[in-house]
Amino acid sequence: MELRINRRALLGLGVSGALIASSFALLSPATGTASSHREAPMISGDPRNDNTDVYAFVSPDKTDTVTLLANFIPFQEPNGGPNFYSFDVNSRYNIKIDSNGDAKPDITYQWRFRNEDKRGNATFLYNNGPVTSLNDENLLFRQRYTLLKITPQGTKTLVSNGIVAPSNVGAASIPDYGALRSQAITTLPGDGKTYAGQSDESFFLDLRVFDLLYGGDLSEVGQDTLKGYNVNTLALQLPKDEVALKGNSKDNPVIGVWSTVDKKGADGFVQVSRLGQPLVNELVMPAGLKDTFNSISPDKDAGIPAVVNRVTDPELARLLEAIYGIKAPATPRNDLVEIFLTGIAKDNGPIKTDLNSQTLNKDAVKLRPSEMLRLNMSIAPSKDPNRLGVIGGDPQGYPNGRRFVDDTVDISLQVVAGAAQSGKLVDALAAGDKVDANDKPTGKTFPYIPLPSNKAVNQN
């Protein structure tokens, strides 16, 4: 691939010429692996470490808190026994927060897991009777976890012996999964909560986008490819001041959020998964950069011309023009730089509104362009959420954080086609992929994500 980049645009974002020139070494394919719904070559063979989605939003029923979720292990068929789905005991699962804008984590919440397996040589069953509680003797395999909070000031243990809600084996085995989920929600110091366990796969879309953008004529739309599948969820509900810069969410309301997985190898832990905004690695990065992109930390992003070039001159826009005749906006796409790398603020680029850039924080440091999910916690939850988020007139939706109702595929297609630049939706893409909502409604209380299915996907 030809490595092209608008150097003037990068220099305007504070990326030095020396850093640009020296960054090609970071593109070595040996730097690691990556993930997001099996989209990176190496992680597709390691699903337990595959980070599928990240969500961040102001809690609708407790607006002094923020809810953060990271999902893992894509395409969980509910009947996929006998071992079902578990977190990797040789990995560290992280949700990271950058509050000052330097693209480095100010806070890391880290989960480590261990197994309790009572099956031995006696049985192949996951459970040998109905499971009505997390400590039920009929549950023969369970996982426990430790949750740490890591900051520059040190490490604090928040949970030392948490229990993961098990896979939803079926109605005979688990008659009331909601009860198990309630038991798995653990209170944290300082009025926070956490949950680890199985959930519904709430990302809704027609994945035939990869068949020449819905068949080349928009004929392959309307089927929710992920309907009926489950995922494993790690969730946090935290007071806003706990995650805000200097503990002051009034002066510093914007945070950046991403999730990673570090897997233990012969030379220690290596990052094998990273995810912030949805679909970036799937629809922005080419195949040859996917593994590398997700093995690096966000502060490296702006120093890699081949990565930034995929934002300033996106392939998807050219495909929309070639296949559907939707004229690609002129490059460099500084509107996409705002959305994906700097957050949206009047001083950052052509989108003239103050929304979710860390530059809006009173105590922010110099901004380092980087890919992450950014959330302005001062914007109240919408009473009537619009599935198109910000471009649909709902400032509490994606790309200002991400909610379960946000139609990220339709939003992304509109944005790449120029909707954020023009302020108007692109009529030719008005129908999108015709999958406008998840088949299950969002819950009203933490962790909000719907309960996992226990029915075979081919019966839905």
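**Asparagine 168 and its setting**

Modeller: Not counting residues up to four places away in sequence, asparagine 168 touches Pro78, Ile174, Tyr177, Gln198, Pro452, Ser453 and Asn454, where contact means heavy atoms within 4.5 Å. The model is predicted: local features need pLDDT of at least 70 and side-chain atom pairs pLDDT 80 or more, whereas totals for chains, interfaces and linings use all residues. Residues are numbered from 1 along each chain as its sequence is written, and side-chain values use heavy atoms, with hydrogens and water left out.

Asparagine 168 belongs to the loop between β6 (154-163) and α3 (177-184). Helices (H or I, at least four residues) and strands (E, at least two) are DSSP runs numbered from the N terminus. Because its relative accessibility is 5%, asparagine 168 counts as buried; the term means under 20% relative accessible area, with exposed over 50% and partly exposed in between, for a 1.4 Å probe and protein chains only. Its side chain reaches the backbone oxygen of proline 452 at 3.0 Å. This is a polar contact, that is, a pair of N or O atoms within 3.5 Å; within protein, one must be able to donate a hydrogen and the other to accept it, and residues adjacent in sequence count only if both atoms are side-chain atoms. Proline 452 is also one of the residues that asparagine 168 touches.

Asparagine 100 is found between β3 (91-98) and β4 (107-117), and it is buried at a relative accessible area of 11%. Beyond its neighbours within four places in sequence, asparagine 100 is in contact with Asp106, Leu245, Gln358, Ala364 and Val365.

Most residues other than glycine have a negative phi, and most peptide bonds are trans. Phenylalanine 84, however, has a positive phi of about 55°; it is found in the loop between β2 (65-76) and β3 and is buried, with a relative accessible area of 16%. Aspartate 191 has a phi near 75°. This aspartate is placed in the loop between β7 (186-188) and β8 (192-200), and is partly exposed at 44% relative accessible area.

Cis peptide bonds occur as well. The bond from threonine 331 to proline 332 is cis, with omega near 5°, and proline 332 lies in the loop between α9 (315-324) and α10. A further cis bond runs from tyrosine 398 to proline 399, with omega near 10°.

As for the whole, the protein has twelve helices and twelve strands. Buried residues make up 58% of its 460 residues. Of the contacts between residues at least 6 apart in sequence, 66% join residues at least 24 apart. The C-alpha atoms fill a box of roughly 65 × 55 × 50 Å along the principal axes.
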